[in-house]
Amino acid sequence: MAPSSAVTGSVRKELFVSVGALLVGAVLVAVAAAGVALPFIHSPGYRLLFLGVILAANLVVLFLFLRSELDRTVFAPLERIGVSADRIADGELEHRIEEEGGQELERLVRTLNRMAERLIENQIRLEENVRSLDEANRELKAAGEQLVRASQLASVGTLAAGIAHEVGNPLGAAMGYLEVARNRQPAEAPAAEPIESALDEVRRIDRILRSVLEFARPQGLEGEIPTVEVAGVLDRVVRLLEDRGTLSGVQLDCSVEPGLPRLRARPQHIEQVVMNLLLNAERATRDAVPREIRVSVTHASPTTHLPRRRKGDPPPADRGAPWILLRVEDSGCGIAEEHLTRVFDPFFTTRDPSEGTGLGLSLTARVVHELGGVIEAGHAPGGGASFCVWLEGVREPGERGGP
């Protein structure tokens with residue numbers, strides 16, 4: 001609050017001058033009254049009574065004057081200051097006390113206003129500290145989830161090695177015996193159909209085992225890594241799924257922005273990412289009407305499009321390199337809010353156990369992570385699911401990088 005433009009004097013000095021002037025005036029009046037009246041009063045008793053009356057009148061006038069001056073200069077301003085201070089104490093920190101009264105009171109008012117401003121600063125600092133603590137708590141929680149996920153991955157690796165040793169060889173033998181038995185039975189024999197069904201189930205177990213082993217096995221990104229064009233990978237995967245009949249009844253809309261950078265990755269890894277996302281979208285739309293899948297591949301900037309990287313995500317290898325965004329959306333029922341943070345966990349699935357192992361998205365997230373990218377699950381317009389994959393491209397020779 002700006003100080004008052006008028007120059008105010010000291011309350012002490014103002015009272016001293018006022019009381020001094022009053023006393024001088026009272027003495028002069030008393031002397032004048034005594035000089036006029038005492039010659040006409042001959043009795044000593046009446047003279048003392050007259051002087052006592054004058055003295056009492058002076059004291060009464062002095063008392064009333066002092067009371068009025070103190071109320072005007074001290075008590076009334078203090079009362080208003082106290083009311084305003086109570087408002088500040090009740091939480092109205094933006095309220096300011098008006099400066100009034102003498103210099104002493106104005107100094108008190110300025111001190112109280114500074115205290116209110118300091119309280120606001122402390123409150124802002126406290127809110128920032130609380131936000132910082134909340135952020136630290138979220139990061140600790142994310143770090144704990146990363147540790148749990150790492151523990152799960154280690155457990156899956158141990159489990160996969162045990163399964164490979166204990167189940168793989170007997171399973172292969174059982175599959176071989178069933179194939180021999182099928183070949184020995186005529187096609188019209190009664191046992192042919194049960195043998196064929198048993199062989200299908202054994203093959204399904206073999207596929208599950210292979211998916212677990214694939215999840216536990218390193219992806220093999222070491223060594224010389226070629227570059228791959230995303231548009232060509234997407235076209236091959238779509239044609240493969242169409243030839244299989246997987247996309248039968250699905251309205252697929254693919255759009256690829258021209259001039260996209262190539263990716264430094266093995267083609268099978270990008271194919272695995274695209275294949276898993278398309279298969280996941282296809283399964284999500286089986287009960288949807290209409291069945292729609294939208295795929296888009298566009299340029300992306302890590303400074304404006306890339307989501308906040310989590311602990312454990314590798315930093316971009318080249319900040320100046322181009323990025324691409326692969327987005328797969330479907331018209332299914334979408335992902336529940338409480339499942340968004342778990343869709344990439346190993347073995348997590350909301351489908352019936354007979355429809356999958358819950359490793360497809362985990363494998364996808366692992367490949368994206370090892371390629372230095374980021375994958376994010378969300379909600380698509382209209383209520384379906386949306387998966388966004390950011391991958392770092394290869395800068396062409398002679399191309400200038402960003403800052």
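A: Happy to. Of the 403 residues of the chain, 33% count as buried (under 20% relative accessible area, with exposed over 50% and partly exposed in between, using a 1.4 Å probe and protein chains only). This is a predicted model, in which local features need pLDDT of at least 70 and side-chain atom pairs count only at pLDDT 80 or more, while totals for chains, interfaces and linings use all residues. Residues are numbered from 1 along each chain as its sequence is written, and side-chain values use heavy atoms, leaving out hydrogens and water.

A word on confidence before zooming in.

Now the layout. The chain holds seven helices and seven strands, taken as DSSP runs numbered from the N terminus (helices are H or I with at least four residues, strands are E with at least two). Along the sequence they follow the pattern α-α-α-α-β-α-β-β-α-β-β-α-β-β. Among contacts between residues at least 6 apart in sequence, 75% join residues at least 24 apart.

Here is the strand itself. S7 covers residues 385-392, and it is largely enclosed by the rest of the structure because eight of its eight residues are buried. In a regular strand the side chains alternate between the two faces of the sheet. In S7, Ala385, Phe387, Val389 and Leu391 point one way, while Ser386, Cys388, Trp390 and Glu392 point the other way. All of these residues are buried, on either side.

Next, the partners; two strands pair if DSSP finds at least two bridges between them. Strand S5 (residues 323-330) pairs with S7 in the antiparallel sense over seven bridges, and within this pairing Arg327 has Cys388 as its bridge partner in S7. Strand S6 (residues 374-379) also pairs with S7 in the antiparallel sense, over six bridges. There, Gly378 stands opposite Ser386 of S7. S6 and S7 form a hairpin with five residues between the strands, and in that hairpin Gly382 takes a positive phi near 100°.

So to recap the picture: S7 has antiparallel pairings with S5 and with S6, and eight of its eight residues are buried.

Terms used
Contact means heavy atoms within 4.5 Å.
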